[in-house]
Amino acid sequence: MGGVIGIVDAGLGNIGSIQNMLRRLDVPCIVASDPIQLGKAAALILPGVGSFDKGMGAIRQLGLVEFLGAQRAAGTAILGICLGMQLMCRGSEEGDEEGLGWLDAAVIKFRPDDGQHLRVPHMGWNDVRCVRSSPLLDNSEMNRFYFVHSYHLSCQRSEDVVGLTAYGHEFASVVQNGSIYGVQFHPEKSHRFGMRLLERFVQLAVGR
Amino acid sequence: MLRPRVIPVLTLQGDGMVKTTRFSHPRYLGDPVNALRIFNTKEVDELIILDIEATSQDRRPNSDLIRGLAEECFMPITYGGGVASLSDAELVLRAGCEKVSANSALLRDPALVTKLADTFGSQSVVASMDVSRGRLGKYRVRDESGPRRLQNRDPVDWGRELAERGAGELLVTSVDRDGTAEGYDVELTSIISREVSVPVIACGGCGERGDIRDVLVSGAAAAGVGRMFLTRGPHFAALVSYLPPEEIDGLRF
């Protein structure tokens, strides 16, 4: 099962859309919540929609915290999507749970007074500006994705930040630290822009 | 920069796509799967799909139909129609939609919106309301499925309550403008969006691009478009269209 992508199913959001896009890319994937199944995958996608504490609670209950930590230590490529990326941080203003702590970052809320007309959640299509090169993004292309979130990353290490998006102010919308990748938007719902990003993740992860 | 949200709204009667005028005279427009394929190739930003008969016919959301529609799309989809419980909503989200919309059921059980938001997150919950002017010219919420259609309910109060109870977005449809291409009811959009912090999707009346701009200026976070993107001409000839990306970017103000 060398080239299989594992989608972590912790009951957090719409996994069908990711499967649907990988199918269109002709990439085999398994959807599982159990470490033994997921351990067979060459790379992992950690999706997530919902609240931080619920997300961490679900991952913990499934015994995935240790598993994911071991996978990360082994250098397995892991892509966090939306809440999935936020869970990789130290913690969030949204909840009390401790995050996975892989990224030296906090997760903070958009303040409606940050700018005029700023409604929360940040919802809709927005641009990503590349601030450093990454296998996931090409700065010469249009990078436009679908966002829906009320909280965003605040990274301590600027070298982790790959892409910025402006909503009221600029925030980190794409991050990378070693084999860990995170995107705040939903590539699985972002037409060819998102499909290209997922394809690049698959390529770097399993060399397809 | 955040792109203006311009959202085709597909109305279904069962598995056929229709377009109504003032919520009456449904005209059959064809197979929604075909329309979705075209919208997907046009890289539409989002889609809303509403089964307008489900509640009055006491039908639950059709999982197979929704899954078939969602698989055609690489953009976020909101589905509404017949959603009256947590299990209905779960079925919709599991079938591949990002958001679920409820309308009539919330009039009978406002606490449902909180249950939906607590279970699936506010960002997945679109509270929908249909509004028309009553005899005295005041805006009133309508209940399309109930015996008394016009409710003695003020849409601003109702919108505020829905947002406070956890709705992530409000879909506000003007029954008086539906299918007329006379422009949005910008007054309605404006008085509701001023009172809530969640995004308001305005729907009903779009006839040209300038209407979209007007409703966004009035405070709507998004413009829902039915007739203009689904048909052409005075006789509702079926024709799927969308605006090119540069025209959508040009709607910023």
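Author: A salt bridge is a side-chain nitrogen of Lys or Arg within 4 Å of a carboxyl oxygen of Asp or Glu. The model is predicted: local features need pLDDT of at least 70, side-chain atom pairs count only at pLDDT 80 or more, and totals for chains, interfaces and linings use all residues. Residues are numbered from 1 along each chain as its sequence is written, chains are lettered from A and ligands numbered from 1 in the order in which they are written, and side-chain values use heavy atoms, with hydrogens and water left out.

Reader: Why is the pair Arg144(A) and Asp249(B) called a salt bridge?

Author: The closest N and O atoms of Arg144(A) and Asp249(B) are 3.1 Å apart, which is within the limit, and the pair therefore qualifies. Across the interface of chain B and chain A the rule finds 4 salt bridges. It also finds 19 residue pairs there in polar contact, both residues being at pLDDT 80 or more. A polar contact is a pair of N or O atoms within 3.5 Å; within protein, one must be able to donate a hydrogen and the other to accept it, and residues adjacent in sequence count only if both atoms are side-chain atoms.

Reader: Which elements of chain B give two or more residues to the side that touches chain A?

Author: They are α5 (111-120) and α10 (245-249) of chain B, where helices (H or I, at least four residues) and strands (E, at least two) are DSSP runs numbered from the N terminus. The largest share, 3 residues, comes from α5(B).

Reader: What makes up the contact between the two chains, and how much area is buried?

Author: Contact means heavy atoms within 4.5 Å, and 37 residues from chain B and 29 residues from chain A take part. The area buried, that is, the accessible area (1.4 Å probe) that two parts lose on being put together, summed over both, is about 2600 Å². Carbon and sulfur atoms give 49% of this area. Leu2(B), Glu43(B) and Phe74(B) supply 30% of what chain B buries against chain A, more than any other three residues.

Reader: What makes Glu141(A) and Arg200(A) a link between separate parts of chain A?

Author: Their closest N and O atoms are 3.3 Å apart, and they form a salt bridge. Glu141(A) lies in the loop between β8 (129-130) and β9 (144-149) of chain A and Arg200(A) in helix α6 (residues 191-206), so the pair ties together parts 59 residues apart in sequence.

Reader: Why is the space lined by Val172(B) and Tyr184(B), among others, called a cavity?

Author: On a 1 Å grid over the protein atoms alone, a cavity is a set of points where a 1.4 Å probe fits but cannot get out, and lining residues have an atom within 4 Å of a point. The count comes to 1 cavity of 30 Å³ or more. The largest cavity has a volume of about 40 Å³, a volume being the space filled by probe spheres set on points joined across faces, edges and corners. Its lining also includes Asp185(B) and Cys203(B). The elements giving two or more residues to this lining are β9 (169-174), α7 (186-195) and β10 (200-203) of chain B.

Reader: What makes Pro121(A) and Ala181(B) worth a mention?

Author: Most residues other than glycine have a negative phi, and most peptide bonds are trans. The bond from Val120(A) to Pro121(A) is cis, with omega near 10 degrees, and Pro121(A) lies in the loop between β6 (105-109) and β7 (122-127) of chain A. Ala181(B), in the loop between β9 and α7 of chain B, has a positive phi of about 60 degrees although it is not a glycine.

Conventions
1 Å grid on protein atoms, 1.4 Å probe; cavity = no way out; pocket = protein on both sides within 12 Å on 5 of 7 lines; lining within 4 Å.
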